[in-house]
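Have a go at each task before you read its solution.

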Amino acid sequence: MPKEKTFFACQACGSMSPKWMGKCPECGGWNTMVEEREAPAERGAAAQYIDSAKGRPTPIAEIKSEGEHRDIIGIGELDRVLGGGIVKGSVVLVGGDPGIGKSTLMLQAMDELGRRGRRVLYVSGEESARQIKLRGERLGAGSEGLYVLAENQLEDILRHAAEVRPDAFVVDSVQTLYTASISSAPGSISQVREGAGQLVAFAKKTGTPVFIVGHVTKDGSIAGPRVLEHMVDTVLYFEGDRGHAFRILRAVKNRFGSTNEIGVFEMKGAGLKEVKNPSEIFLAERRSDVTGSVAVSTVEGTRPIMAELQALVTPTTFGNPRRTAIGVDFGRFTLLLAVLEKRVGLHLMGQDVYVNVVGGLKVDEPSVDLGLMAAVASAFKDVPVPANVVVMGEVGLGGEVRAIAQAEMRVHEAAKLGFARCILPASNLSKMHKVKGIELVGVSQADEALEAVLG
Ligand code: TYD
Ligand code: MG
């Protein structure tokens, strides 16, 4: 019998090495190398699909395009993030922290499709069929076309899928998959990669859209989704703060649509509810008389979303001043504090500064620069920013206010929500038409902008 070969694979990034190392040379993770057995030469269940899908080089003009067939799920927020429904034969990876709501979202989506007369298959390797039924009852998911299978053996799953011939199917989760063609444990990087590879081959061959659920932890300690990103067509991340009910579905890769598109959901007792107008929710609990609170505008994909930025400035009691930012990029935040210090003349050296975006939202767009500066200045000077003012603009190191993208769309959203005054870059204003119901104030310097906001 030939000697079985083994190798060591990093469970965080997937890099391989013939010998054990305490620290992964690729990603720098400690204690992530785990011994795994080499895959035997014979190929897994997917081999048959791959072989028959082989092609020859063909002039592009002769390739028939069948047009993109999309199946609308019926959950608007999810459909939009996917680029307008599910594409036939596509593979979608849905990643996120454990407990964030991936299974809930997938079950609801499949149920919705089932309601539309589609046949869908939900495979879970984590829960028994009864547990899924119980969850389904809470969600009101019980449509006729929804088939449930509790299984983690990949070959069996594919066999059942080939029998049921679903219009879409979900595998929850890739970490629990087990394929007989590899002898390492479920959840190990080789298993995850091989399992996903076979699912991709199945999707391409049969034209079935496949959703693969994958857990990611912050430190990447579970083998996973990161290594799969290049294998699949679309990568969605489901994120949110466990302390908040809001969940954001973000496309980070999409071969069939735009990335940057987000879907907003709220986790309720009976499952996930779509949030059709996120701005209203993120601004809902805003109080008008508090200092350090500013309404800003961010664009996510095709949609403007307004959010509340809060800042708090307190004298430093000892040592170095503290800087804490939640929901905004930390580097950007400290940069803007330096601009406030040097170009506007606010003395923040002896002050602790805290910044937070309300509702667990993350904004990483330069257009919130000016709003962030206004929030800090308002907190520092103890002067509230009027509640009906929205602030937008990118700020450069010289303290100059720079033009932002899609200003018109943002202004319309603000006007729709009842804002009466908008502080925006002068360079944007000069190219814009008047908008009914909102006064537009163009600014070209940060100090001039803060003057306009705080008086
Ligand atoms: P789940 O979909 O199981 O998360 P994941 O698959 O990403 O691990 O969601 C788990 C959380 O969602 C759990 O903490 C309870 C909460 N939840 C609700 O608040 N309402 C519901 O109707 C359901 C089904 C779950
Ligand atoms: Mg789950």
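**Exercise 1.** Work out how domain 2 and domain 3 sit against each other in this predicted model.

*Solution.* 

Step 1: Start with the spacing. The centres of domain 2 and domain 3, taken over C-alpha atoms, are 37 Å apart. The contact involves 14 residues from domain 2 and 11 residues from domain 3.

Step 2: Now look at the area. About 1,000 Å² is buried between domain 2 and domain 3, and carbon and sulfur atoms give 57% of that. On the domain 2 side, Phe246, Glu261 and Ile262 lose the most area to domain 3, together 37% of what that side buries.

Step 3: Check the charges. There are two salt bridges between domain 2 and domain 3. Arg303 also forms a salt bridge with Glu77, where the closest N and O atoms are 3.3 Å apart.

Step 4: Sort the domain 2 side. Its elements giving two or more residues are α2, β12 and β13, and β13 gives the most, with four residues. By class, you get five nonpolar, three polar and six charged residues.

**Exercise 2.** Is Ser378 buried or exposed, and what does its side chain reach?

*Solution.* 

Step 1: Find Ser378 in helix α10, residues 369-381.

Step 2: Its relative accessible area is 0%. Buried means under 20%, so Ser378 counts as buried.

Step 3: Follow the side chain of Ser378. It reaches the backbone nitrogen of Gly292 at 2.6 Å, and one of its polar atoms lies 2.7 Å from the backbone oxygen of Val383.

Step 4: List some neighbours. Ser378 touches several residues, including Thr291, Pro384 and Leu454.

Terms used. Residues numbered from 1 in each chain as written. Chains lettered and ligands numbered in written order. Predicted model: local features only at pLDDT ≥ 70, side-chain atom pairs only at ≥ 80, totals over all residues. Heavy atoms only, no water. Buried < 20%, exposed > 50% of the residue type's maximum accessible area, 1.4 Å probe, protein only. Polar contact = N/O pair within 3.5 Å; in protein donor to acceptor, adjacent residues only side chain to side chain. Contact = heavy atoms within 4.5 Å. Domains from an automatic or database assignment. Buried area = accessible area lost by both parts, 1.4 Å probe. Salt bridge = Lys/Arg side-chain N within 4 Å of Asp/Glu carboxyl O. Nonpolar A, V, L, I, M, F, W, Y, C, P; charged D, E, K, R; others polar. Lists of a residue's contacts leave out its neighbours within four places in sequence.
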